[in-house]
Amino acid sequence: MTKPNILIFMVDQLNGTFFPDGPADWLHAPNLKKLAARSVRFQNTYTASPLCAPGRASFMSGLLPSRTKVYDNAAEFASDIPTYAHHLRRAGYHTCLSGKMHFVGPDQMHGFEERLTTDIYPADFGWTPDYRKPGERIDWWYHNMGSVTGAGVAEISNQMEYDDEVAYHAGAKLYDLARGKETRPWCMTVSFTHPHDPYVARKKYWDLYEDCAHLSPSVPALDYEAHDPHAQRIFDANDWRSFDITDEDISRARRAYFANISYLDEKIGDLLEILETTRQEAIIVFVSDHGDMLGERGLWFKMSFYEGSARVPLMISAPGLAPRLETTPVSTIDVCPTLCDLAGVSMEEVAPWTTGESLVPLAQGAERTSPVAMEYAAEASYAPLVSLRYGKWKYTRCALDPDQLFDLDADPHELTNLAADPAHQGTLQTLRAKSEARWDLEAFDAQVRESQARRWIVYEALRNGAYFPWDYQPLQKASDRYMRNHMDLNDVEENARFPRGE
């Protein structure tokens, strides 16, 4: 039996609340809407951790950050942790990555046989937080609100330059696959950095949202004192006191963010068109690593378990999965076992240690009752935070903070914490027991502190004297491209054409 090809689109910092059933009607995203129409749309999908590197390591491995030990954006992803790329490659797949995956450490492949681009962020330990110094801002890499006050139109930016390159190389690879340059089934991951801030967009996409009715947050900014302690830490980490955020800033930032969804939609549409015109078939997965609060309650970016930050879109188009909306809460750690299930690849040898669950049974109508777990132990935290989404409930626990309990059916904007409400103590105690059975917060905190301390030493040591970077260096063998004198011109011309000549 021929194994199916797989094409994964990962985007960065895309708020899942804008995908209630595929892209919201008002978003200019025709290609994603077409994809949604032939996909299972998982409405309540949550990141394993609302930050790039930990969220992505969990997505690839099916493990939470406490298991991968990728706690933050500068924590090494260990080479002995199998990812979906390892599982599929072991089963005979060609595995390829074009774009971002934010691997930290000397292993820059993690099961991918081929990488077409470098990453957009550094691969070393330089972005390590330090729980020993609570409240310290590391100015040269921490987020600040300049992304909001600087929002607007730009025809090129660091992020655009990167994603233009990601799309170009992905398209060239799809053409190569069509021309028979790979006989094995393939799994290609195309990973963009948009709509991650800075909130700047090309004018052609910006103009699509001139009359957009969604340029103001549903929940206006709260006073600093009205926020929970972790949200206050996020504000402090983002240096909010140094900026005067106006309504116009908020409107422009949101407009650029929506414009960049349309920018991504066009990139993805171009790649899907190549797939179609070259007569290739593939399972299609669309997902984000985490969300963006985008000004809701005054918060921006990610780093929290609130819906805007933690909820992400997930759509899967595959044979045997009838297109429909699925509302049961699921996690990005479920993608790895789902891909293996769809490809007929066994994870049995590591199944006892894998946290994620295949989504195939759920997509085919089976019931799922297990809670969705999230963890956060990176910048703006002073100790790990953990959360469970269980049915309509979301329960969050941190050793430093009061518990949080939200009824998402009755309170989708999470404005009423029910943890101290006498009417909900039964629910609170049930979820606290589930959380305590899963996590020892004191041990988790000790793990994170040890990791941070070790990395600070290693980073400073490796920066002293000769420095060899871990950043992935993509190489092109120019002597094997186009026409060279070890080739037959007739073969080159014929083999490079699709379809072949009659």
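1. Helix axes are here lines fitted to C-alpha atoms over the stretch in contact, with angles taken between N-to-C directions. In this predicted model, the axes of helix 6 (residues 158–178) and helix 9 (residues 247–277) come within 9 Å of each other and cross at roughly 10°. Since angles under 35 degrees count as roughly parallel, helix 6 and helix 9 are therefore described as roughly parallel to each other. On the side of helix 6, the contact is made by Met160, Asp163, Asp164, Ala167, Ala170, Gly171, Leu174 and Tyr175, while helix 9 contributes Tyr263, Leu264, Lys267, Leu271, Ile274 and Leu275.

2. Two of the residues named in that contact, Asp164 of helix 6 and Lys267 of helix 9, also form a salt bridge, with the closest N and O atoms 2.8 Å apart. The pair links distant parts of the chain, given that Lys267 in helix 9 and Asp164 in helix 6 are 103 residues apart. Lys267 counts as buried because its relative accessibility is 15%, whereas Asp164, at 22%, counts as partly exposed. The cut-off that matters here is that buried means under 20% relative accessible area.

3. The structure holds 31 salt bridges, among them the one between Asp12 and Arg56, whose closest N and O atoms are 3.4 Å apart. This pair, too, links distant parts of the chain, with Asp12 in strand 1 (residues 6–12) and Arg56 in helix 2, 44 residues apart. Asp12 has 0% relative accessibility and therefore counts as buried, and Arg56, also at 0%, is likewise buried. Salt bridges that share partners join Asp12, Arg56, Lys100 and Asp289 into one network.

4. A further salt bridge is formed by Asp130 and Arg132, with the closest N and O atoms 2.8 Å apart. For the two partners the accessibility classes should be noted separately: Asp130 is buried, with a relative accessible area of 9%, whereas Arg132, at 51% relative accessibility, counts as exposed. The cut-off for the exposed class is over 50% relative accessible area.

5. Leu51 lies in the loop between strand 3 (45–46) and helix 2 (52–61), and at 0% relative accessibility this loop residue counts as buried. When residues up to four places away in sequence are left out, Leu51 touches Asp72, Asn73, His290, Lys302, Met303, Tyr376, Ala378 and Glu379.

6. Helix 11 (residues 335–343) is mostly covered, with eight of its nine residues buried. The buried residues of helix 11 are Val335, Cys336, Pro337, Thr338, Leu339, Cys340, Leu342 and Ala343. Helix 11 is followed by Gly344, for which phi is positive, near 70°.

Technical notes
Residues numbered from 1 in each chain as written. Predicted model: local features only at pLDDT ≥ 70, side-chain atom pairs only at ≥ 80, totals over all residues. Heavy atoms only, no water. Buried < 20%, exposed > 50% of the residue type's maximum accessible area, 1.4 Å probe, protein only. Helix = DSSP H or I, 4+ residues; strand = E, 2+ residues; numbered from the N terminus. Axes fitted to C-alpha atoms, helices over the stretch in contact; angles between N-to-C directions. Parallel < 35°, antiparallel > 145°, perpendicular 65-115°, else oblique. Contact = heavy atoms within 4.5 Å. Salt bridge = Lys/Arg side-chain N within 4 Å of Asp/Glu carboxyl O.
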